[in-house]
Amino acid sequence: MSDGGDREEREERVYGDFEGGGAAARTVYHQPLGDQDTVNSTQSLYDSDITYFMIHGRRYCKDYYMPNDQEEQDRTEILHTVYLYLFDQQLTTVRLQNPTKILDVGTGTGEWAMAMGDEYPDAEIIGTDIAKIQPSAVPLNVFFEIDDAEEEGGWTWPEDEFDLIHFRTMTGAFRSWEEMYKLSFKHLKPGGWIEVIDFDDHGQLLSYFGPDNTIAEWFRAIAEATRLSGRPRTSSHLEPEVLERLGYVDVKQTTHMIPFGNWPTDPEAQSIGKHFLITQLCGVEAICLRPLTEGLGWDPKKVRKICQTIVDKTRVVALDPTKASGMGFHVKCLTGRKPGGPPIEAMENGSA
């Protein structure tokens, strides 16, 4: 099997049925080093082989519930452009004053980190992930590293190291968001910022489907499966008090809406609505396949049948400009600052 068509993988072994459900079809792969793995500025990314699992035809890494195969990589690259639209082409909502080091946790394919490298050429940008899916040709100040943020013993960087620590679309990734916030606080410089961006609980979206509760039941099943896994897929980590009680100051939560479908009359918003619809329809299986088969023991054929039903019902509503008017996904952005550093007024006067 290939990762983006440029590196070979070899099969290690195949696991049998998993406890509590049907066949898991779990295959382990090790991705060997490639000739291009030391190109440009990537550091520590290819120190060791990465272990992947094939589960019902999708590729996964460690305990993360989302796949990281080429199909998912393509989807997240489109989603990056949607986020740029959502935040008026700004890569971050916080004001940075001459940053020297920025961390992107769960960088995925690295679009945000690479764009930040271009935006802040004098800063060192580090993107970490458990999967090796980042390009090797990157800006000279961008470094990708294989790293599990939950690794026992904490993060290896010095304390007071980063001007900004960034998390985007990471709901369901961690056992404890509080621990992630504690580690971020420890490794932020005095005056440094944390920024967390994720979707809300989709309550507004569900109102467009009337008495049909198929999609609501599907969301509830995913929530239960991820809860049982110990990594709940919720939006509770986006509440301001979570940061405030850990000592962050200037904590702020904002809500933004991504249009869903072709209902907007503004051409740019309509284009984004269509692109976002594609990312979500293509992500239906990605979001639920592993949680529902491993967590709840559902048969993969049943899961894929439900996925097709969800896609069909969503498409019908989203592509009807009348029914879908105002339809969108709400995104919450939570920011907070470690006390200390230059006064906020000075930052506002001298920030990018």
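No disulfides were found in a search of the whole structure, which is a predicted model. A disulfide is a covalent bond between the sulfur atoms of two cysteines. The sulfur of Cys288 has its closest cysteine sulfur in Cys307, at 3.3 Å, which is too far for a bond, because a disulfide requires the two sulfur atoms to lie within 2.5 Å. Cys307 accordingly takes part in no disulfide. Cys288 counts as buried, with a relative accessibility of 0%, and Cys307 likewise counts as buried, at 6%.

Aromatic contacts were examined next. A pair of aromatic rings is described by the distance of the centres and the angle of the planes. The structure holds 15 aromatic pairs. In one of them, the ring centres of Phe199 and Phe329 are 5.7 Å apart and the planes stand at 80 degrees, so the arrangement is edge-to-face. Because Phe199 belongs to strand E9 (residues 188-199) and Phe329 to strand E11 (residues 328-337), this pair ties together parts that are 130 residues apart in sequence. Both Phe199 and Phe329 are buried. In the pair formed by Trp218 and Phe219, the centres are 5.0 Å apart and the planes meet at 55 degrees, so the pair is classed as tilted. Trp218 is buried, with a relative accessible area of 7%, and Phe219 counts as buried at 15% relative accessibility. One aromatic cluster is formed by Tyr83, Phe199, Phe260, Phe276 and Phe329.

Charged side chains also lie over aromatic rings. Lys302 is placed over the face of Trp298, 4.2 Å from the ring centre. The charged end of Lys338 sits over the ring of Phe185, at 5.4 Å from its centre.

Rolling a probe the size of a water molecule over the atoms shows where empty space is left. Two cavities of 30 Å³ or more were found in the whole structure. The largest cavity holds about 60 Å³ of space. Its lining consists of His80, Tyr83, Leu84, Phe87, Gln90, Leu91, Trp112, His166, Arg168 and Ile197. Helix H1 (70-86) and strand E8 (162-168) are the elements that give two or more residues to this lining, and H1 provides the largest share, three residues. By class, the lining of the largest cavity comprises six nonpolar, three polar and one charged residues. Tyr83, part of this lining, also belongs to the aromatic cluster.

The second largest cavity holds about 30 Å³ of space. Asp147, Asp148, Ala149, Glu151, Gly154, Trp155 and Thr156 form its lining, with two nonpolar, two polar and three charged residues.

Notes:
Residues are numbered from 1 along each chain as its sequence is written. This is a predicted model: local features need pLDDT of at least 70, side-chain atom pairs count only at pLDDT 80 or more; totals for chains, interfaces and linings use all residues. Side-chain values use heavy atoms; hydrogens and water are left out. On a 1 Å grid over the protein atoms alone, a cavity is a set of points where a 1.4 Å probe fits but cannot get out, and a pocket is an open set with protein on both sides within 12 Å along at least five of seven lines; lining residues have an atom within 4 Å of a point. Grid points are joined across faces, edges and corners, and a volume is the space filled by probe spheres set on the points. Helices (H or I, at least four residues) and strands (E, at least two) are DSSP runs, numbered from the N terminus. Ala, Val, Leu, Ile, Met, Phe, Trp, Tyr, Cys and Pro count as nonpolar, Asp, Glu, Lys and Arg as charged, and the others, Gly among them, as polar. Buried means under 20% relative accessible area, exposed over 50%, partly exposed in between (1.4 Å probe, protein chains only). Rings of Phe, Tyr and Trp (its six-membered ring) pair if their centres lie within 6.5 Å; planes under 30 degrees apart count as stacked, over 60 as edge-to-face and the rest as tilted. A charge sits over a ring if NZ of Lys or CZ of Arg is within 6 Å of the ring centre and within 35 degrees of the ring normal.
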